[in-house]
Amino acid sequence: METFSAPPYRIKMVEAIKQTTRKEREEYLRKAYNNLFLLPSEAVYIDLLTDSGTGAMSDAQWGALMQGDEAYAGSRSFYRLRDVVHKITGYHYFIPVHQGRGAEHVVLPLLAKRPGMYFISNMHFDTTRAHVELAGAHAIDCVIPECRDIHTYHPFKGNMDTAACEENILSKKPENIAGIIMTMTNNSAGGQPVSLENLRSVSALAKKYRIPLLIDGARYAENACFIKQREAACHSMAIPEIAREMFDHADIFLMSAKKDGLVNIGGFIAIREDEALFRAAQVRTVPYEGFPTYGGLAGRDMEALAVGLEEGLEEPFLVHRLDQVRYLCTSLRDAGIPVQYPAGGHAVFVDCKEICPHIPFDRFPGQAVCNEVYLEAGVRTVEVGSLLLGRDPETRENLQSPFEWMRLSIPRRTYTYAHLDIVARAVCSVYERRHALKGLVFEYESPVLRHFTARMNYE
Ligand code: F0G
């Protein structure tokens, strides 16, 4: 019998959420053109669209907000945050930015020095891939093949296939590789962690071929907790010690602080020792993000983040966090629903291709299931599949994603096991009538990032 930990916090403030009737939800969905991104949030009872910026801050963070120093230059809050990041990473240089993609926008073009270079990653997150391509480079994913077999257990499905990585370095030539990016945890394949052992091997490759190693570490603390739980050599290490060793293996840390920073907005760049890169990044930060001691954040945002980063590494919090996701994953799996197994750190990924084999990829089985789960219980999830992937830029054909996921992302410190029971029941009843689900066609499709604004009809 699996066990799940109780929350290491109690509730001090609540936010009302409203249950709606099925009839009301049908009307809401119709008005949203069958696209859950177009719903007003009051139409949603339990919102699992994303774990990004949707978590609850602690009393200590709300208290810290009042201490924000809003000076344009040299804010006290900047120095406080810089010192916390230094303590966690050991890196010398720090620049705040408004969120993760701001960090990508500042740094990636500086590494892609010539057009046509490559970034190799276990798996690029969408915005990272977009910034790689905007910088005139190509994105190559080399995650281990076990990651694609959802039913078989592997403790570190986020690992890089190091042989494939080295083959790519050699075939594209080391001087053409702009950087190696380890996404930790690997969001796109189910919030799956990377082992310290794997990171060590990737770091050895990066050093051998003199390629900068970046950690896209939006969920680095969750990754460190998985390492503690699953990597034999690390069971007795403290989480911050594991995190420090992760950073010891890399050169640059790009952080979307909206996840493991436990804040609603924010991000940063940390650089180990490359002063020239730091200077160049500061120069790019000014026009795109803001003066380098605020980078698009208010002083109070930096205060809340300084506290959130430390809370985000606390073991009781992390254990419960991972347990909540595992709880939902186990409930669904026990009911026979195909999910990425084992559970990831921030979300449960349901394989809708397997649930709805009768809906072709270009009729978006993931979206069909997501919409039905909303109608069932007011639970908003997100499609991560062919709808999100879009079209081939040249042929304009729909691209087929290897997975048609419904992602159920769990915001941090926000919902209880009771909420997750409602979610599980909703997914199970949709699963029971899966054969009746219908695919969707576009009424309106924007040329880029179509999933955000698409208007869709049932076939
Ligand atoms: N890297 C990873 C691994 C991410 O998951 C995200 C965002 C980013 C970078 C970009 O950060 O949103 O602060 O600009 N992921 C969100 C999600 C959007 O829903 O998974 P951002």
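How many residues of domain 1 are in contact with how many residues of domain 2? In this predicted model, 28 residues of domain 1 are in contact with 32 residues of domain 2, contact meaning heavy atoms within 4.5 Å.

Residues are numbered from 1 along each chain as its sequence is written. Because the model is predicted, local features need pLDDT of at least 70 and side-chain atom pairs count only at pLDDT 80 or more, while totals for chains, interfaces and linings use all residues; side-chain values use heavy atoms, with hydrogens and water left out.

## Domains and their interface

The chain is assigned domain 1 (22–51 + 315–458) and domain 2 (59–311), with bounds taken from an automatic or database domain assignment. Over C-alpha atoms, the domain centres are 27 Å apart. The size of an interface is often given as the accessible area lost when the parts come together. Here domain 1 and domain 2 bury about 2400 Å² between them, and 56% of this lies on carbon and sulfur atoms; the area is the accessible area (1.4 Å probe) lost on putting the two parts together, summed over both.

Six salt bridges are counted between the domains, each a side-chain nitrogen of Lys or Arg within 4 Å of a carboxyl oxygen of Asp or Glu. On the side of domain 1 that touches domain 2, α12 (315–334), β9 (347–351) and β12 each supply at least two residues. The largest share of that side, seven residues, belongs to α12. Helices (H or I, at least four residues) and strands (E, at least two) are DSSP runs numbered from the N terminus.

Asp 51 and Arg 219 form a salt bridge whose closest N and O atoms are 2.9 Å apart. Both residues are also among the contacts of Arg 412, as are Glu 222, Phe 317 and His 346, sequence neighbours within four places being left aside. Arg 412 is placed in the loop between β12 (405–409) and α16 (417–432). With a relative accessibility of 2%, Arg 412 counts as buried, a class defined as under 20% relative accessible area, with exposed over 50% and partly exposed in between (1.4 Å probe, protein chains only). Its side chain reaches the backbone oxygen of Lys 259 at 3.5 Å.

## Nonpolar cores

A nonpolar core is a set of buried Ala, Val, Leu, Ile, Met, Phe, Trp, Tyr and Cys residues joined through side-chain atoms within 4.5 Å. The largest one has 63 residues, and those touching the most other members include Ile 180, Leu 199 and Met 246. Helix α8 (residues 220–230) gives six residues, the largest share of this core. Since both domain 1 and domain 2 contribute residues, the core lies between them. A second, separate core of 50 residues includes Ile 355 and Tyr 431.

## Backbone features

| Residues joined by cis peptide bond | Omega |
|---|---|
| Met 184 and Thr 185 | about -10° |
| Tyr 341 and Pro 342 | about 0° |

Thr 185 lies in the loop between β5 (177–183) and α7 (196–208), and Pro 342 in the loop between α12 and β9. Tyr 33, though not a glycine, has a positive phi of about 55°; Asn 34, also not a glycine, has a positive phi of about 60°.

Notes: A polar contact is a pair of N or O atoms within 3.5 Å; within protein, one must be able to donate a hydrogen and the other to accept it, and residues adjacent in sequence count only if both atoms are side-chain atoms.
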